[in-house]
Amino acid sequence: MTQQINGQLIAEHNAQAAARVNLDYETLGEQLARRNVDIHVLKDQVARFAVAVPSWGVGTGGTRFARFPGLGEPRHVFDKIQDCGVIQQLVRCTPTVSPHFPWDKVSDYQELRQHAEAHGVGFDAVNSNTFSDQKDQPLSYKFGSLTHADAGVRAQAVAHNLECIDIGKQLGSKALTVWIGDGSNFPGQSHFRRQFERYLDSNRQIYDALPADWRMFLEHKMFEPAFYSTVIQDWGSSLLAAQTLGPKARCLVDLGHHAPNTNIEMIVARLVHARKLAGFHFNDSKYGDDDLDSGSINPFQLFLVFNELVDAAQTGAAEFDPAYMLDQSHNVTDPIESLMTSAVTVQRCFAQALLVDRTALTAYQDSNDVLMAAQTLKQAFHTDVTPLLQKIRMEAGGAADPVLAYRASGYRKQMAAIRPASGPSSGIV
């Protein structure tokens, strides 16, 4: 396997931290033992946790006003995979990459798959793009794609998704994520019911082309780029569509795609109940779809989401098999650093959710002891599981502190010398 970060550097980094990490791990183990938690069992559970990284996430993001390119940005999907391999090498919980087409199109997908394997990663769900026009595209998506009034545009959008399925089969993927920006900006612009019916008709053609062991992830978003109405604007519309299409269709939850103060963890519980939870795109938000680093604004909400997920897993919820992915835009940070810290944050919340005393929580809920029920969750959330995560990474060959090891490696500076700088741009593109 190709390792971009020198293994000796990681070993030396871990050697310097080993005594401290081992002592902190033993101390945490003693604390958890008093709560009847075996830290070794917990470690085995957390070590199996995995979250995918998006191929587009390793590039510098932007806003509709400007984008400020970073040093050593990936030039193409092969560079993206290399950067994703660095993330996995250091954090050891990001074994797959989610590609986006046509952004990541190549002439030889077996070569791309081999390149990914060489860098220690595989492929997660493939993502289609009918929310922007591509070079030499015959018909425009300006007024919609899968829901467009013109049957020719809809057919073009369906064909692109079918192409994504074919590419995914070559890469070893098992899911297709469908997000569309279709909607309207003015009252009267679109007929709500006919638009939704066209969405179902188009997606039914895509659904019918899915291999038997694939799933279709339907992603909703409250607003943007359509600001008056969005076809799949919330989990209700997504659930209705998924139930209409069939058992392979599931609802994807992006943490930024909700109105402010929405109770996302309750949406998770509802979708688990309906057996329609596809999984997550993890990020954080202050105002809208900000695509900020996971847990950077509201880590307690992220913990509460995982509280529902762990509860569903431990109680044997039917057809529960969520897929996890980061989906962020890194405008002012090194994307590799942000994705590493986000992966660790998501893994941290999973570990903390495993620490919830379910027996006590159920008893408090059944006896209407509101304060103690809330305190039970807070006890788990306030537990510092850093030594546990460090121990897991070190035993797997990752870094005790991924960001420090990454910076010490000089990887970004090396890439800046190899990859030519991209010019500034006006707006997100």
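Student: Which residue of β2 is the bridge partner of V53?

Tutor: In this predicted model, V53 has V97 of β2 as its bridge partner. The two strands concerned, β1 and β2 (residues 96-98), run parallel and are joined by two bridges.

Student: What is the order of the strands in the open sheet of three strands?

Tutor: The order is β1-β2-β4, and the pairing is parallel.

Student: Why is one side of β1 and of β4 left without a neighbour in the sheet?

Tutor: β1 (53-54) and β4 (122-123) stand at the edges and have a single partner strand each, so one side of each lacks a neighbour in the sheet.

Student: How should I read burial along a helix such as α4, and which of its residues are buried?

Tutor: Burial here refers to a relative accessible area under 20%. In α4 (residues 109-118), the buried residues are Y109, L112, H115 and A116. These residues lie on the same side of α4, because they cover an arc of only 115° around the axis.

Student: Against which elements do the buried residues of α4 pack?

Tutor: They pack against α3 (77-91), β3 (100-101), β4 and α5 (151-171). The strand β4 in that list is also an edge strand of the sheet described above.

Student: Is strand β8 covered on one face or on both?

Tutor: Both faces of β8 are covered. On one side R215, F217 and E219 are buried, and on the other M216 and L218 are buried. The strand spans residues 215-219, and five of its five residues are buried.

Student: With which strands does β8 pair, and in what sense?

Tutor: β8 pairs in the parallel sense with β6 (residues 175-178), over four bridges. Its pairing with β10 (residues 249-254) is also parallel and has four bridges. Two positions illustrate this: M216 of β8 stands opposite L176, while E219 stands opposite L252 in β10.

Terms used:
Residues are numbered from 1 along each chain as its sequence is written. This is a predicted model: local features need pLDDT of at least 70, side-chain atom pairs count only at pLDDT 80 or more; totals for chains, interfaces and linings use all residues. Side-chain values use heavy atoms; hydrogens and water are left out. Buried means under 20% relative accessible area, exposed over 50%, partly exposed in between (1.4 Å probe, protein chains only). Two strands pair if DSSP finds at least two bridges between them. The arc is that of the directions from the helix axis to the C-beta atoms. Contact means heavy atoms within 4.5 Å.
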